[in-house]
Amino acid sequence: MDDVDRSGFDGPGRGARSLDDGPSIDRIESVFAVYEIQREDDRLVYYGDPLAHPERVVRELWPDFRDHGYDANLERRHGEYALVAEPTSVGVDGIPWTNIVLLLLTVGSTLFAGSFWYQIDPFTDPTAILQAWPFTVAILGVLGVHEMGHYVMSRYHQVDASLPYFIPVPTLIGTMGAVIKMKGRMPDRKALFDIGVAGPLAGLVATVVVTVVGLHMPPVTVDPAVLQSPDAVQIELGYPLLLEWLAAGFDQSLYREDPTMGVNPVVIGAWVGMFVTFLNLIPVGQLDGGHILRAMTGELQETIAALVPGVLFALAGYLYYVQNYDVNTVFVWILWGLLTTVLASMGPATPIRDEPLGRGRFVLGIATFGLGFLCFMPVPVVIVG
């Protein structure tokens, strides 16, 4: 190839990548006529002219670059087309200090929040919060298993992803959940579906186990004198169908009739797992439900996602105007109506290869959304007092 500029490729240093690390020039030129190649640090940049639509160029060459350890994208630079290949690595590089620090902070915040569910005053005796460790294990267990489901399936499909980042926040449960950062592109709908569905299903398995364990643990008792205090604040949780069915199936009480008794806080941890599962399965944007539905229905997902905020706002309006709940109670759906509006506008992940899913995955997707519905509760939390 006399028209290819090989300057800058006079031998890679230790750890560097060379021209030979990428696909063959003949393969690239089947859809992209190259007239110059440059190396920018570890990136390979091919300047040339597309011989097909730019999207097709990327779709055709991306698997070849992926096999050579690169993520390829077509850009416009100063009026020229540039095929930019950036090296990728799947896995964890070094010690993930940020993940570790956030995990430790979340352990502390959930111990603090859990102490209140155990009727412990953390201000009188700060060390007493350690007694709330079962609550912390339950919360971090269901959230961690959920995110590790995504992580393991990302590794399986060779999509680069971070370890879970736990989010410590001084709320009723001590955390806003956990997330992983997807740094790689989705090769096809199968990968998008598998990565999206793995989190909710893995998290639900952990949630069911935690629920069964918690239902068999002793309930928490509340001093009647505390309930009669004018400063008393009661937190009433709505229970989803899945929790109701598990309690009935194992003949365990949820202690609704007796205000001086409450479920063991481990059950609260399971409740969190169910609520998080439902929220993640809302079919918009980059949420798990958005990934799953995009893999199942293609671009139709964006039309469905556009309807979701209206449904959530309608639910909030129904609870407020018809059921006469206060603004604080229905605010969760107002907030999620706003969040889903933003997420829907950002759009879903787009796989490189956009072929339809097989029947098996499609059925599994429907079943997953069905399980998510069992985790739905119209009124998650009511604060009295």
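Analyst: The chain exposes about 19400 Å², of which carbon and sulfur atoms supply 60%; accessible areas come from the Shrake-Rupley method with a 1.4 Å probe, and for residues only the protein chains shown count as cover. This is a predicted model, in which local features need pLDDT of at least 70 and side-chain atom pairs count only at pLDDT 80 or more, while totals for chains, interfaces and linings use all residues. Residues are numbered from 1 along each chain as its sequence is written, and side-chain values use heavy atoms, with hydrogens and water left out.

User: What share of the 385 residues counts as buried?

Analyst: Of the 385 residues, 46% count as buried. Buried means under 20% relative accessible area, exposed means over 50%, and partly exposed lies in between (1.4 Å probe, protein chains only).

User: How many helices and strands are there?

Analyst: The chain has 12 helices and 10 strands. These are DSSP runs numbered from the N terminus: helices are H or I with at least four residues, and strands are E with at least two. The C-alpha atoms fill a box of roughly 90 × 45 × 35 Å, taken along the principal axes.

User: Which domains is the chain divided into?

Analyst: Domain 1 covers 25-87 and domain 2 covers 97-384; the bounds come from an automatic or database domain assignment. Their C-alpha centres lie 41 Å apart.

User: How many residues of each are in contact?

Analyst: 8 residues of domain 1 are in contact with 7 residues of domain 2, where contact means heavy atoms within 4.5 Å. The area buried between the two domains is about 650 Å², with carbon and sulfur atoms giving 53% of it; buried area is the accessible area (1.4 Å probe) that two parts lose on being put together, summed over both. On the domain 1 side, R59, W62 and R66 lose the most area to domain 2, together 67% of what that side buries.

User: What is the salt bridge count between them?

Analyst: The count between domain 1 and domain 2 is 0 salt bridges. A salt bridge is a side-chain nitrogen of Lys or Arg within 4 Å of a carboxyl oxygen of Asp or Glu.

User: Turning inward, is helix α9 mostly covered or mostly open?

Analyst: Helix α9 (residues 288-297) is mostly covered, with 9 of its 10 residues buried. Those buried residues pack against α4, α5 (189-215), α8 (265-280), α10 and α12 (359-374). Just after α9, G298 takes a positive phi of about 70°.
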